[in-house]
Amino acid sequence: MTFPSAAVLVFSTLAAVNSEALAQDNVAYIDDRSDGAAVVRSLYNAINRKEYARAYGYFGESKPVGGYRTFTRGYDRTVSVEIKLGKVKTEAGAGSIYSAVPVAVKSIEKRSRVRFFAGCYVTRIINPSLQVPPFTPYQIEAARLKEVKGPLEAALPTVCNAP
């Protein structure tokens with residue numbers, strides 16, 4: 001490889017890395033666990049920023065099937081995501097508060113491929129007045145999404161049920 005060829009390769013690699021870093025910088029950091037919808041918004045904020053450890057951390061004891069590696073590989077082709085949330089249904093039960101969060105997701109992948117997913121997230125918080133340190137905020141207990149046809153607004157489920 002000649003010097004000019006190597007220089008072009010290095011600069012094009014740096015440009016790709018810098019454009020990804022800029023994309024992350026253009027997405028404000030959101031980490032809000034104040035309610036079920038906020039946790040889901042924070043999850044997709046982490047995915048948009050390519051912060052997969054943070055995204056994975058929003059799940060409670062019921063982690064996504066396949067573990068962390070499989071979870072991150074699921075986003076290998078993802079460039080960005082956009083979500084629309086529906087009406088959240090919240091219920092109390094057995095010392096916990098559950099929220100069912102309807103969601104539609106528009107996923108833009110490499111080569112400009114667009115995919116849509118829809119379904120429900122179930123979030124949970126142990127009643128804060130019953131907790132002892134360390135405090136555990138809202139977490140995602142279950143995620144049931146499937147690929148659907150778009151557009152985003154049409155994909156949104158009208159209702160989800162808490163457990």
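Here are legends for a handful of close-up views of this predicted model. Numbering starts from 1 along each chain as its sequence is written, and side-chain values rest on heavy atoms, with hydrogens and water left out. Since the model is predicted, local features need pLDDT of at least 70 and side-chain atom pairs count only at pLDDT 80 or more, while totals for chains, interfaces and linings use all residues.

View 1. Helices (H or I, at least four residues) and strands (E, at least two) are DSSP runs, numbered from the N terminus.

**View 2. Around tyrosine 121.** Zoom in on Tyr121 and, neighbours within four places in sequence aside, its contacts (heavy atoms within 4.5 Å) include Val40, Leu43 and Tyr44. Also among them are Ser99, Val103, Ile140 and Leu145.

**View 3. The salt-bridge network at arginine 115.** Glu109, Arg113, Arg115 and Glu147 are linked in a network of salt bridges (a side-chain nitrogen of Lys or Arg within 4 Å of a carboxyl oxygen of Asp or Glu). Arg115 meets Glu147 at 2.8 Å, N to O. That pair links distant parts of the chain, 32 residues apart, with Glu147 in strand S5 (residues 139-148) and Arg115 in strand S4 (residues 114-126). Arg115 also pairs with Glu109, at 3.0 Å. Glu109 counts as buried because its relative accessibility is 7%, whereas Glu147 is partly exposed at 43%. Buried here means under 20% relative accessible area, exposed over 50%, and partly exposed in between (1.4 Å probe, protein chains only).

**View 4. The lysine 89 and glutamate 91 pair.** This is another of the structure's 7 salt bridges, with the side chains of Lys89 and Glu91 meeting at 3.6 Å, N to O. Lys89 is partly exposed at 33%, and so is Glu91, at 29%.

View 5. Val79, Ile108 and Val114 make a nonpolar surface patch of about 200 Å². Patch residues have over 30% relative accessible area and no salt bridge, with like charges joined within 9 Å and nonpolar side chains (Val, Leu, Ile, Met, Phe, Trp, Tyr) within 5 Å. Areas come from the Shrake-Rupley method with a 1.4 Å probe, and for residues only the protein chains shown count as cover. Val79 lies in strand S1 (residues 78-85) and is partly exposed, at 41%.
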